[in-house]
Amino acid sequence: SSVQLEEFQAFVRIYVERIFQEAFPDETGAARMQQVGLFVTIFALQNTAEPVTAMRIARLSGQSHSQVHRNLQKLLKLDLVERTKIRNRIGKGQAWHLSIKDTPEAKRLLKAVMGGKKGRGG
């Protein structure tokens, strides 16, 4: 119904506004969109059967592996995401399982993503 659509739109609007106000304050708007999108994608996929890898995200998003990797490097530098080697991997190169890191920075961003209010001290 129209009321449900309006409620959903209001929820999404609040969610988006909080992310842009509270997450990645020193980045451009475009960079924040890419990094928040990557962060949310890792968060959404991290407890699934298939490991979360840059290649999997590239396949899902239609971006090149290098584009995903470039944004991933920013999340790693911000200490929001961690990489764990995938053992017994078949194929070229080393694959890394990505997950949200248990840090105050990651918790703050998750809180923003989940619609919580920004608290003091993380």
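Colleague: What share of the contacts in the protein chain between residues at least 6 apart in sequence join residues at least 24 apart?

Modeller: In this predicted model, that share is 50%, where a contact requires heavy atoms within 4.5 Å.

Colleague: Why is Asn47 called exposed?

Modeller: Its relative accessible area is 74%, and the label applies over 50%, so Asn47 counts as exposed. Asn47 is placed in the loop between α2 (29-45) and α3 (54-61). For the protein chain as a whole, buried residues make up 31% of the 122 residues.

Colleague: Which residues touch the most other members of the largest nonpolar core?

Modeller: Ile42, Leu75, Leu80 and Val81 do, in a core of 20 residues. At least two residues each come from α2, α3, α4 (65-77), β2 (96-100) and α5 (104-114), and α2 gives the most, with 5 residues. Setting aside residues up to four places away in sequence, Val81 touches Ile42, Leu72, Leu75, Leu76, Leu98, Ser99, Ile100 and Lys101. As background, nonpolar side chains in soluble globular proteins tend to be buried together.

Colleague: What makes Arg83 a charge that sits over the ring of Trp96?

Modeller: The charged end of Arg83 is 4.4 Å from the centre of that ring, and the rule asks for a distance within 6 Å together with a position within 35 degrees of the ring normal. The distance can be set directly against its limit, and the pair is listed as sitting over the ring.

Colleague: How many aromatic pairs are there by the ring-centre rule?

Modeller: The count comes to 0 aromatic pairs, where a pair would need ring centres within 6.5 Å.

Colleague: Where is confidence lowest and where is it highest among the elements?

Modeller: The elements of the protein chain run α-α-α-α-β-β-α from the N terminus on, and confidence is lowest in helix α1 (residues 2-22), at a mean of 70, and highest in α3, at 94. The mean pLDDT of the protein chain is 78, with 76% of its residues reaching 70 or more. Over residues 117-122 pLDDT stays under 50, and for that stretch the model has 5 contacts beyond four places in sequence.

Definitions and conventions: Residues numbered from 1 in each chain as written. Predicted model: local features only at pLDDT ≥ 70, side-chain atom pairs only at ≥ 80, totals over all residues. Heavy atoms only, no water. Helix = DSSP H or I, 4+ residues; strand = E, 2+ residues; numbered from the N terminus. Buried < 20%, exposed > 50% of the residue type's maximum accessible area, 1.4 Å probe, protein only. Phe/Tyr/Trp six-rings, centres within 6.5 Å; stacked < 30°, edge-to-face > 60°. pLDDT = per-residue confidence, 0-100. Core = buried A, V, L, I, M, F, W, Y, C linked by side-chain atoms within 4.5 Å.
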